[in-house]
Amino acid sequence: MIEMREVNKTYLMGGQPLQALKDLDLNVGPGEYLSVMGPSGSGKSTLLNMIGLLDRPDSGSYRLNDEPTEALSEEARAALRRDNIGFIFQAFHLVGRLSAFENVELPMVLAGVAPAERKRAVNGVLDQVGLLSRSHHRPNQLSGGQLQRVAIARAIVMKPRILLADEPTGNLDQQSGRDIVEVLENLNQEGITLIVVTHDMAMGKRARRRGQMVDGAIVSDDLQSSGAAHAPG
Ligand SMILES: Nc1ncnc2c1ncn2[C@@H]1O[C@H](COP(=O)(O)OP(=O)(O)OP(=O)(O)O)[C@@H](O)[C@H]1O
Ligand SMILES: [Mg+2]
């Protein structure tokens, strides 16, 4: 469903070109669980933004669900993103003055979904992440782990087929981090394609497929015969 060929991305920093992605090739199929690890600055977030259609390659091709994305307008890219992609970030990115319910509802409001259907879907995903009892709490009334659960609920409320997570446990204590990994892995077991960028070796190792990035390219890409489902703990 994700097919990248020789994708290049260069940023200009003070007139100096900085190549964030270098002839990057990547194929990801439906239902995969891929972790991406690598040193700071190796291009992991750039890659996720590219997959999530938040950024465009300078050259190379990116097909999402067999559709070439390079020539699409911003509107078409936004629609494709809305229908296919959910994003989770290290810093949660919730709206501070909105309740948990309203934060999760936001993508549906923007998509013009009717209130009754919104309510059903939002309560459904809040229940799924174990936060139904915190619906009316605002972000400053929630713990880090709970904030990330709200962010996950928001990311999946539109039923995306692909979930992209950039350091989802980076701001969490160990136990909350483990809980978040479990929520993400349950979603993957229900069929969502899961791509997780992480510095946490233990988390990266849980994925069935493990990619390693160095200097804007994927230098190793291992598919394990046993993944999280079989790992103890
Ligand atoms: N908007 C931007 N403008 C200029 N340079 C950028 C921009 N975004 C990223 N870069 C540069 O591109 C390179 C790759 O950045 P990226 O954020 O993808 O790295 P990363 O692997 O996610 O690192 P980290 O582990 O620290 O999050 C870095 O050298 C970074 O400085
Ligand atoms: Mg990053």
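Asn65 is partly exposed in this predicted model, with a relative accessible area of 26%; buried denotes under 20% relative accessible area, exposed over 50% and partly exposed the range in between, computed with a 1.4 Å probe on protein chains only. Asn65 is located in the loop between strand E4 (59-64) and strand E5 (67-68), where strands (E, at least two residues) and helices (H or I, at least four) are DSSP runs numbered from the N terminus. Although Asn65 is not a glycine, its phi is positive, at about 50 degrees. A positive phi, near 50 degrees, is also found for Asp215, a residue other than glycine. Asp215 belongs to the loop between strand E9 (209-214) and strand E10 (217-223) and, at 53% relative accessibility, counts as exposed.

Residues are numbered from 1 along each chain as its sequence is written, and chains are lettered from A and ligands numbered from 1 in the order in which they are written. Because the model is predicted, local features need pLDDT of at least 70 and side-chain atom pairs count only at pLDDT 80 or more, whereas totals for chains, interfaces and linings use all residues; side-chain values use heavy atoms, with hydrogens and water left out.

Helix H5 (residues 144-156) packs against helix H6 (residues 174-189) at an angle of about 15 degrees, and their axes are 9 Å apart. Axes are lines fitted to C-alpha atoms, for helices over the stretch in contact, and angles run from 0 to 180 degrees between N-to-C directions. H5 and H6 are therefore roughly parallel to each other (under 35 degrees; over 145 is roughly antiparallel, 65 to 115 roughly perpendicular and the rest oblique). On the H5 side, the contact (heavy atoms within 4.5 Å) comprises Gly145, Gln148, Arg149, Ile152 and Ile156; H6 contributes Ser176, Asp179, Ile180, Val183, Leu184 and Leu187.

Ile192 occupies the loop between H6 and strand E8 (193-197) and counts as buried at 10% relative accessibility. Not counting residues up to four places away in sequence, Ile192 touches Gly31, Glu32, Ile156, Pro160, Arg161, Ile162, Leu163 and Leu187.

One aromatic pair is present in the structure. The ring centres of Phe87 and Phe89 lie 5.2 Å apart and their planes are at 5 degrees, so the pair is stacked (centres of Phe, Tyr or Trp rings, the six-membered ring for Trp, within 6.5 Å; planes under 30 degrees apart are stacked, over 60 edge-to-face and the rest tilted). Phe87 counts as buried at 13% relative accessibility, whereas Phe89 is partly exposed, with a relative accessible area of 23%.
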